[in-house]
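Have the viewer open while you read.

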Amino acid sequence: MAAEKKNTLTITDNRTGKSYEVPVTDDTLRTLDLRQIKVNPDDFGLMGYDPAFTNTASCRSAVTFIDGDKGILRYRGYPIEQLAEQSTFLETAYLLVHGELPSARELEQWSYEITHHTFLHENVKKLLEGFRYDAHPMGMLVSALAALSTFYPEAKQIRDAEVRRKQIYRLIGKMPTIAAFAYRHSRGLPLVYPDNDLSYAGNFLNMLWKMSEVKYQPNPALEKALDVLFILHGDHEQNCSANAMRSVGSSHADPFCSAAAAAAALYGPLHGGANEAVVAMLTQIGSVKNVPATIERVKKGEMLLMGFGHRIYKNYDPRARIIKRIADEVFEVTGRNPLLEIAIELERIALQDDYFVKRKLYPNVDFYSGIIYQAMGFPVEMYPVLFAIGRMPGWLAQWEEMLNDKEQKIARPRQIYIGHAQRDYVPLSKRRPAPAAAAAS
Ligand SMILES: CC(C)(COP(=O)(O)OP(=O)(O)OC[C@H]1O[C@@H](n2cnc3c(N)ncnc32)[C@H](O)[C@@H]1OP(=O)(O)O)[C@@H](O)C(=O)NCCC(=O)NCCS
């Protein structure tokens, strides 16, 4: 007779010969259940070791579902393809934060609140003006987000749902304003204040590009493309920046400081800086004829193919597919970006090369987004800032979910200590001279 099936795991500790039965829930084992496994009563107990969290769930989440092997991405159950096609960024932001699509009235109210929290305190403007002309806009964004916490001290009341709501309006509302101010500062252009008659993306374009016209009219195709790009960046479950948002938020820092930490995490070239690196790489390749030589260098391990590969997707990133489609619509307005030919050829060769096939390396969201941003006239430094605008609702949804999760506490990983055992302090006069000093004497 077949053994009765149980949702447990039996572990035999060969050090002691003892067996333990631990529960398995959602195909997952709680590493705290390993703690009971000890060699002797004074032993700390068994831990899990997982640098970079490659096989450790840090939370239970209802925000975003990804099946990396199948190339599926859903926000709150809705496929990204449907949202990109039929929703708007503000509606998707509502969905991410609240968990459900809004009714017409809820959407109107939500859009009104966000639109009416787009202005920055004049002192934030002064703060941004204090940056050097060539300051990276991500440095300015991170600083401005942290600075906002000093303007809204009530944001510390993270247990008050009403207060949290207000900061959510502010953070989503003010992101484009900070981003546009950072851009205009780098160009030495006068700052343009928000125009509340325009859509979220339309107003952003207004604050970026308005010159002497009385009323800025955004190009509808570019406005729509930007809105879809924001939707595609809305959330991506427990990525590096969401993890930073949750981790800093878990100490009950206010959401502005937590969002500054998340934006800082996004700044890195392996996360939000990748599309900047893609454009730099494509520019360096320079021509389609140089593509095969580039692929050879990648295979020799001399360089990474930026915009390829993903920790989770081991299939075509569904966002990359949508972005590729938007590219055509944008290029109809802006003219074709010559880097696109190089990108398409790189993708063509890579997708049939054994090196990439074996490692399941496919284009990710950043492979094409940079080319679109460049065609729209954004300097490369602005790319991670655009990513951050889209990602803000996701960070906030993750943050609120973490705060409302009774199982969560301040995030505090364990370590395996590999340093010295205890040793006695050596007075300066008795210490070995440093090698450089020894050579000089
Ligand atoms: C995204 C990324 C950090 C994921 O990394 P990861 O899950 O830790 O994957 P690994 O670095 O373990 O890669 C597995 C293998 O593929 C190779 N690889 C991964 N990405 C590669 C790339 N972009 N170009 C060439 N080789 C790559 C690794 O060298 C490794 O090869 P090996 O098994 O021979 O050592 C990585 O793919 C990368 O650096 N990509 C480029 C940057 C990028 O586009 N980031 C945006 C993410 S949205």
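## Around the ligand

The ligand is surrounded by 16 residues, with Leu305, Gly307, Phe308, Arg311 and Arg359 the closest; a residue makes the list if one of its heavy atoms lies within 4 Å. Bear in mind that this is a predicted model, where local features need pLDDT of at least 70, side-chain atom pairs count only at pLDDT 80 or more, and totals for chains, interfaces and linings use all residues. Numbering starts from 1 along each chain as its sequence is written, and side-chain values use heavy atoms, with hydrogens and water left out.

| Residue | Protein atom | Ligand atom | Distance |
|---|---|---|---|
| Phe308 | backbone N or O | nitrogen | 2.9 Å |
| Arg359 | side-chain N or O | oxygen | 3.0 Å |
| Asn364 | polar side-chain atom | oxygen | 3.0 Å |

On its own the ligand has 860 Å² of accessible area, and the protein covers 67% of that (Shrake-Rupley method, 1.4 Å probe). Sorted by class, its shell holds 9 nonpolar, 4 polar and 3 charged residues, with Gly counted as polar.

Searching the whole structure turns up 1 cavity of 30 Å³ or more, meaning a set of points on a 1 Å grid over the protein atoms alone where a 1.4 Å probe fits but cannot get out. The volume of the largest cavity is about 70 Å³, taken as the space filled by probe spheres set on the points. Its lining residues (an atom within 4 Å of a point) include Leu90, Asp195 and Tyr200. Helix H6 (161-187) and helix H7 (200-209) each give at least two residues to that lining; helices here are DSSP runs of H or I, at least four residues long, numbered from the N terminus.

Note on methods
A polar contact is a pair of N or O atoms within 3.5 Å; within protein, one must be able to donate a hydrogen and the other to accept it, and residues adjacent in sequence count only if both atoms are side-chain atoms. On a 1 Å grid over the protein atoms alone, a cavity is a set of points where a 1.4 Å probe fits but cannot get out, and a pocket is an open set with protein on both sides within 12 Å along at least five of seven lines; lining residues have an atom within 4 Å of a point.
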